[in-house]
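Hi there,

Here is the structure I promised to pass on. Have a look, and then read on for my notes.

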Amino acid sequence: MTPEEDPHLAVGAYVLHALPPAERAAFENHLAGCGRCRDEVAELREVTDRLASAESVPVSAEARARTLRAVAGTGQEPSPRRAPGRARRALGLALAASVAAAAALGGVAVRQHERADEAHDRAVRAEQRALTADSAISDVLTAADATLHTGTLTGGATAAVVVSRSEARAVFAAHDLPALPEGKVYELWYAAEAGDLSPAGLLPGTGESEARVLDGSPGRAVAVGITVEPAGGSKQPTTDPLGIIPISA
């Protein structure tokens, strides 16, 4: 996911398990530091759980008849210039009857439907962004000047960095990263020859295999490092690196 994209839009696709691994990893990293998204994920999960377990709710004959009467008395194509008083009154009765019918059905079906529609729309947008993210990874891996650099991290995890100077990008991938406590994430760093470190992106501490395009260009970086940081990341490392992978040619 590039910095220009809005990570908040991936909530629905994440809840519906519609994100590919790279997009999911990027969003889980964002999720670690975004309370708003965590709240929305919890809400959508509750809604999807209800939809999955929902059973048919019987509608009383009285509620059905009342709603049908209101619909029958409402004009289907009102004048675009003005609504006659009778039509406005009929519309008000129809709305009142609809509210009463919704209450008879438990009052949650409409909102559940809206949530499902929102989740679907987000899933579609997330899929489009995922295609862009996957394309960015593919561009680096297949670049004519792509170079592969590997290393072993503290704890036995293996990591690799693929660099393409022509694409001005680098891809980091790791396998068997240990799961981190809540409130902690992995942070990647570009290291310059003089020892200066620049933040290059975050990875969630889920303990799964992770892959992502690093933020920014490798430029004159000579290595990529990884540390454990508080959720949301740090401007400078606060822990010793788990590993430093040289990337100079």
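Which residue in strand 2 does Thr 150 stand opposite? Thr 150 faces Ala 160 there. Before I go further, a few ground rules: this is a predicted model, in which local features need pLDDT of at least 70, side-chain atom pairs count only at pLDDT 80 or more, and totals for chains, interfaces and linings use all residues. Residues are numbered from 1 along each chain as its sequence is written, and side-chain values use heavy atoms, with hydrogens and water left out.

**The sheet**

Helices (H or I, at least four residues) and strands (E, at least two) are DSSP runs, numbered from the N terminus. Two strands count as paired if DSSP finds at least two bridges between them. On that basis there is an open sheet of 4 strands, in the order 1-2-3-6, with antiparallel pairing. Its edges are strand 1 (147-152) and strand 6 (210-213), each of which pairs on one side only. Neighbouring strands are turned by 15 degrees against each other on average, direction ignored; the axes are lines fitted to C-alpha atoms, for helices over the stretch in contact, and angles run from 0 to 180 degrees between N-to-C directions.

Strand 1 pairs with strand 2 (residues 158-164) in the antiparallel sense over 6 bridges. The two form a hairpin with 5 residues between them, and Gly 155 in the turn has a positive phi of about 95 degrees. Elsewhere in the sheet, 4 bridges join strand 3 (residues 169-175) to strand 6, again antiparallel, and Ala 173 stands opposite Ala 211 in strand 6.

**The cysteines**

With a disulfide taken as a pair of cysteine sulfur atoms within 2.5 Å, the count is 0. Buried means under 20% relative accessible area, exposed over 50%, and partly exposed in between (1.4 Å probe, protein chains only). Cys 34 is buried at 9%, and Cys 37 is buried at 1%.

**Confidence**

The pLDDT is the predictor's confidence in each residue, from 0 to 100. Its mean over the chain is 74, and 61% of the residues reach 70 or more. Confidence is highest in strand 7 (residues 223-230), at 95, and lowest in helix 5 (residues 85-104), at a mean of 49. Over residues 78-93 the pLDDT is below 50, and this stretch has 5 contacts beyond near neighbours in sequence, a contact being heavy atoms within 4.5 Å. Where pLDDT is low, the predicted coordinates should not be read in detail.

Best wishes
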